[in-house]
Amino acid sequence: MDEIAITRGATEALQVMIGGYNKLKPGDAVAYADLDYDSMQYAMNWLKDRRGVEVITTAIPEPATYQNVIDHYTKLLADSPRIKLLLLTHISHRTGLKVPVAEISRMAAERGVDTVVDAAHSWGHVDFDVKDLNSPFVGFNLHKWIGAPLGCGFLYIQKDRLGDIDRHFADEDFDADDVRSRIHTGTANSANYLSIPAALDFHHAVGAANKFARLQYLRDRWVQQVLDVPNLTIMTPEDRRMYGALTSFRIDGNTTRDQSVAITDYLTNEWGVFTVRRGGVTKGEVIRVTPALYNTPQDSDRLARALKAAAKRF
Ligand SMILES: Cc1ncc(COP(=O)(O)O)c(C=O)c1O
């Protein structure tokens with residue numbers, strides 16, 4: 001309990017940790033990837049002015065594998081020894097890729113590099129404990145896969161690393177050794193926060209492992225039916241360590257926003273399947289599919305039929 005504090009979401013949690021990380025000196029560098037979330041990329045970019053550091057960006061390999069992602073980050077840190085802070089996203093909201101953050105964070109720590117992990121899209125459907133990530137700084141929300149109302153999240157700061165994050169806007173409500181001094185929201189929506197225990201009860205009643213198994217099953221069911229469609233690329237590898245519920249696809253050659261919108265409109269209007277386009281991937285736009293607990297295997301089957309038709313049409 002003395003390592004977590006409630007926030008209004010993952011953005012707020014990660015902003016205070018990235019912005020408040022006080023070990024950077026001018027001349028150091030920080031790094032993030034194309035698949036990281038936009039708001040965290042902005043916060044990392046801000047460090048250039050705030051801390052006088054160089055901001056290094058990188059593109060996660062496509063296609064990605066467990067090993068080539070680890071190798072990519074290992075090379076990044078070896079090539080750029082001035083990197084002191086690395087942003088990692090546990091599950092990318094762009095492609096659904098589940099990044100091996102535990103291995104990368106361990107490797108980074110061996111080089112004296114801290115990681116800050118965006119777990120907004122993972123905890124609540126991927127079954128893990130924060131300690132498994134090997135990172136001292138992790139941001140979560142509770143309004144995605146835990147199902148609390150919008151405006152609930154939390155930050156995790158490893159107890160012995162609290163001093164490396166500044167008090168939030170020089171908070172004086174709590175002592176310097178109290179993690180609650182690292183987020184000062186002001187008058188928050190406490191009705192929201194009071195609903196968190198009920199959301200967690202529901203999550204535990206279903207069971208984290210059951211949720212993960214069900215969601216991966218729904219994901220596997222549509223993906224496996226379209227793996228042999230020649231012009232359709234699945235953005236996560238067929239390696240159960242590398243995805244959760246979310247998986248994106250690209251119909252080859254359709255890399256612009258307008259092309260993506262045409263495909264998502266087609267899937268909605270002709271097939272009644274809701275998908276979302278996602279930009280920011282270095283090699284071009286993708287379309288994300290996110291099954292939920294209420295989806296059925298028949299929904300996955302309909303999506304697979306729709307994608308076979310879409311791949312012929314676009
Ligand atoms: C990977 C990732 N990080 C952070 C966020 C932001 O989370 P929040 O809405 O809790 O601020 C999102 C939301 O979509 C996300 O997908």
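Predicted model: local features only at pLDDT ≥ 70, side-chain atom pairs only at ≥ 80, totals over all residues.

Ala, Val, Leu, Ile, Met, Phe, Trp, Tyr, Cys and Pro count as nonpolar, Asp, Glu, Lys and Arg as charged, and the others, Gly among them, as polar.

Numbering starts from 1 along each chain as its sequence is written.

## Helices α3 and α4

Helix α3 spans residues 66-79 and helix α4 residues 101-110. Their axes come within 10 Å and cross at roughly 20 degrees. That makes α3 roughly parallel to α4 (angles under 35 degrees). Helices here are DSSP runs (H or I, at least four residues). Axes are lines fitted to C-alpha atoms over the stretch in contact, with angles from 0 to 180 degrees between N-to-C directions.

From α3, the contact uses Ile70, Tyr73, Thr74 and Leu77; from α4, Glu103, Ile104, Met107 and Ala108. Contact means C-beta atoms, placed from the backbone, within 7 Å. The residues of this contact divide into six nonpolar, one polar and one charged.

## Two domains

The domain assignment of the protein chain gives domain 1 (4-196) and domain 2 (208-313). Such bounds come from an automatic or database assignment. The domain centres, taken over C-alpha atoms, are 27 Å apart.

Domain 1 gives 22 residues to the contact and domain 2 gives 24. The side of domain 1 that touches domain 2 has nine nonpolar, seven polar and six charged residues.

Definitions and conventions:
Helix = DSSP H or I, 4+ residues; strand = E, 2+ residues; numbered from the N terminus. Parallel < 35°, antiparallel > 145°, perpendicular 65-115°, else oblique. Contact = placed C-beta atoms within 7 Å.
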